[in-house]
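User: I would like to learn how to read features of a protein model, one at a time. Could you take me through this one?

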Amino acid sequence: MKAFIDRNPRLKHLIHWLLIPRHEARPRRWVSWFVNPFIHKRHRTSMVRSSVRLDVLPFSPFALGSHSVIEAFSVINNGVGPVTIGDRCTVGIGSVVIGPVTIGTDVIIAQHVVLSGLNHSYEDVSRSIREQPVVTRPIVIEDECWIGANVVITAGVTVGRHSVVAGGSVVTRNVPAYSVVGGNPARLLKQYDPVEKTWTKPAVQV
């Protein structure tokens, strides 16, 4: 069905208009009330605060695992890519998650964090950036991570298992598992040594 719609621009435009008001990113109310609850996988023990902008559409996956919470004033958007949040996760107050994003289990995301799997094209100077297509690369936050307040994670980044991103960091490249990173751009501060069974600073800062 999707392939058929993609091959018919006028039909695609009509369906898009039926789902989303012109110049907006959020779905129409009838989509949120009567379509999304039957399509998206939201566990009965999960919680989405009433002030959250759950801008999820039926043509892209959205899943929220058991005992996971999306806190007040956050925005979740799957318009350009799927958003999957695993079990026992917290998305902190005022955070923004724009797909494609996959968040594992037992992940803590603090306040005002931005995870954006999209970038705007800008190379064609004859057109405004608004008119140019978006490019997506998936963000992956593996299990047991802690993302500090005011962190920005850019498209294409994977944060490895049981890692910490210090508050205020801008993460532009992959984070190894069992590590602590911080700064702008984020760099490696500590990493767990399984032989010594302790957290150590890298010999050379990278």
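User: Is S95 buried or exposed, and what does that word rest on?

Analyst: Burial is judged by relative accessible area, where under 20% is buried, over 50% is exposed and anything in between is partly exposed (1.4 Å probe, protein chains only). S95 has a relative accessible area of 0% and is therefore buried. Please keep in mind that this is a predicted model, in which local features need pLDDT of at least 70 and side-chain atom pairs count only at pLDDT 80 or more, while totals for chains, interfaces and linings use all residues. Residues are numbered from 1 along each chain as its sequence is written, and side-chain values use heavy atoms, with hydrogens and water left out.

User: Where does S95 lie, and which residues does it touch?

Analyst: Helices (H or I, at least four residues) and strands (E, at least two) are DSSP runs numbered from the N terminus, and S95 lies in the loop between β8 (90-91) and β9 (96-98). A contact means heavy atoms within 4.5 Å; setting aside residues up to four places away in sequence, S95 touches S74, V75, I109, A110, Q111, H112 and V113. A polar contact is a pair of N or O atoms within 3.5 Å, and within protein one must be able to donate a hydrogen and the other to accept it, with residues adjacent in sequence counting only if both atoms are side-chain atoms. Here the side chain of S95 reaches the backbone oxygen of A110 at 3.0 Å.

User: How should I read T105 by comparison?

Analyst: T105 is found in the loop between β10 (101-103) and β11 (108-109), and with a relative accessible area of 23% T105 is partly exposed. Apart from neighbours within four places in sequence, T105 is in contact with D87, R88, C89, D143 and E144.

User: Which helix holds R10, and is R10 buried or exposed?

Analyst: R10 sits in helix α2 (residues 9-19), and because its relative accessibility is 78%, R10 counts as exposed. The C-alpha atoms of R10 and N36, 26 residues apart along the chain, are separated by 24 Å.

User: What should I look for in the backbone angles?

Analyst: A cis peptide bond with omega of about 5° joins G99 and P100, and P100 lies in the loop between β9 and β10. Another cis peptide bond joins N184 and P185, with omega of about -5°, and P185 is placed in the loop between β21 (179-183) and β22 (186-193). As for phi, F73 is a residue other than glycine with a positive value near 65°, and at 58% relative accessibility F73 counts as exposed. Y178, also not a glycine, has a positive phi of about 55°, and its 33% relative accessibility makes Y178 partly exposed.

User: How is the chain divided, and how many residues from each domain take part in the contact?

Analyst: Domain bounds come from an automatic or database domain assignment, which gives domain 1 (1-38) and domain 2 (42-192). The contact takes eight residues from domain 1 and eight residues from domain 2. Across this interface the rule finds one residue pair in polar contact, both at pLDDT 80 or more.
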